[in-house]
Amino acid sequence: MGWPLAVSAALMERRALALPRALVLLAAGHLAAMLVILLPFSMMAALISLEREIRIGAACLVIAMGLYLLINTRHPRFLARISPAKLGLWSFLVAIAHGAGLMLLPIYLGICAMEQEAGHVAAGALMGTDVRMALIVAGVHTFAMAFAGGLMAVGVYIWLGLRFLQKAWFNLDRVWAASLVIVGLFALALALRSF
C-alpha cells in the first residue's frame, strides 16, 4: 500500500532517485512492523502449554483491530502528506495497524491446520522451527512486498504520473477491516473448539 507514497516522494522532490530511497524506507518500516509482531510469538514457541490462550488472544486482537478499522473510517490528517524522511515510520505504523505480522500469525500458531494448501503447510513448518527461520520468513515477505510495490511505483511514476493517482485511486480499507474480523472470528471459534 505504500507505493503511492514512493511515487509522491519522487514527484515532490522532482527527482527519480527519491523513488528507490522511499521504497527502501517503506520496506524497512514494513519489516520492523512484522518483526515486532512475529518475534515475540516465535520466542513463545516454548510456551506450548499456553497455545490455546495465545490463539484466543491473537484472534481477539485481530477482531478488535478489524472492528476499530470498520468504526473509525477516517484517516488521520497528518497522514495526508508524509515527508520522505518519515516513510519508514509510516510504513511501520501502517503495517502494525493493518496487520502485516498478524497475517502470518494464523500460520505460525497452527490456526490454518485444516486441509491447507502446500504453501501454508510449508510456511507453518518453516516458521515453527526457530526464531532464525521466522526472521528469514519475515525478510522474504518484506522483499516480495517491496519488489511488487516497487514495480507498481516505478510503473506509475514513469508512465502514468500524478493524474492517474488522482483519478484512479480506490480505497480498500473496509474490505481489509471486514476480512480481519472474519478471520479473527474463525480463529477464535477454532481456538475455543479445541477444549
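User: Why does A9 count as buried?

Analyst: Buried means under 20% relative accessible area, exposed over 50%, partly exposed in between (1.4 Å probe, protein chains only). A9 has 1% relative accessibility, so A9 counts as buried. This is a predicted model, in which local features need pLDDT of at least 70 and side-chain atom pairs count only at pLDDT 80 or more, while totals for chains, interfaces and linings use all residues. Residues are numbered from 1 along each chain as its sequence is written, and side-chain values use heavy atoms, with hydrogens and water left out.

User: Where is the place of A9?

Analyst: A9 sits in helix α1. Helices (H or I, at least four residues) and strands (E, at least two) are DSSP runs, numbered from the N terminus. A9 and S83 are 74 residues apart along the chain, yet 7.1 Å separates their C-alpha atoms.

User: How many helices and strands does the protein have?

Analyst: There are eight helices and zero strands. Along the sequence the pattern reads α-α-α-α-α-α-α-α. Of the 195 residues, 38% count as buried.

User: What makes R14 count as exposed?

Analyst: R14 has 75% relative accessibility, and therefore counts as exposed. R14 belongs to the loop between α1 and α2. Its backbone has a positive phi of about 55 degrees, although R14 is not a glycine.

User: Is P84 buried or exposed?

Analyst: P84 counts as buried because its relative accessibility is 15%. This proline is in the loop between α3 and α4.

User: Why is F186 called partly exposed?

Analyst: The relative accessible area of F186 is 47%, so F186 falls in the partly exposed class. F186 is part of helix α8. A59 is 127 residues away from F186 in sequence and 8.1 Å away in space, C-alpha to C-alpha.

User: What makes α3 and α8 roughly antiparallel to each other?

Analyst: Two packed helices are described by the angle between their axes and the distance between the axes. Axes are lines fitted to C-alpha atoms, for helices over the stretch in contact, and angles run from 0 to 180 degrees between N-to-C directions. Angles under 35 degrees count as roughly parallel, over 145 as roughly antiparallel, 65 to 115 as roughly perpendicular and the rest as oblique. Helix α3 (residues 51-71) packs on helix α8 (residues 173-193) at about 155 degrees, with the axes 7 Å apart. The two helices are therefore roughly antiparallel.

User: Which residues, by class, make up the contact of α3 with α8?

Analyst: This contact divides into 20 nonpolar, two polar and three charged residues. Ala, Val, Leu, Ile, Met, Phe, Trp, Tyr, Cys and Pro count as nonpolar, Asp, Glu, Lys and Arg as charged, and the others, Gly among them, as polar. The crossing of α3 and α8 is left-handed. That term applies if the near helix is turned anticlockwise from the far one by less than a right angle; clockwise gives right-handed.

User: Why are α2 and α7 roughly antiparallel to each other?

Analyst: Their axes cross at roughly 155 degrees and come within 9 Å. α2 and α7 therefore count as roughly antiparallel. Their crossing is right-handed. The contact holds 19 nonpolar, seven polar and no charged residues.

User: Why are α1 and α7 oblique to each other?

Analyst: α1 packs on α7 at an angle of about 60 degrees, with the axes 9 Å apart. The pair is therefore oblique. The crossing of α1 and α7 is right-handed.

User: Which residues touch the most other members of the largest nonpolar core?

Analyst: W3, A6, V7, L19, L87, W90 and A153 do, in a core of 18 residues. A nonpolar core is a set of buried Ala, Val, Leu, Ile, Met, Phe, Trp, Tyr and Cys residues joined through side-chain atoms within 4.5 Å. At least two core residues come from each of α1 (3-13), α2 (18-43), α4 (87-98) and α7 (131-168). The top contributor is α1, with six residues.

User: Where does UniProt place the feature "transmembrane region"?

Analyst: The unreviewed UniProt entry places it at residues 22-48, 54-71, 92-111, 131-160 and 172-192. UniProt positions are given in the numbering used here, feature names are shortened, and annotations may be inferred rather than shown by experiment. In the model, residues 54-71 are 100% helix and 0% strand, with end C-alpha atoms 25 Å apart. Residues 131-160 are also 100% helix and 0% strand, with end C-alpha atoms 42 Å apart.
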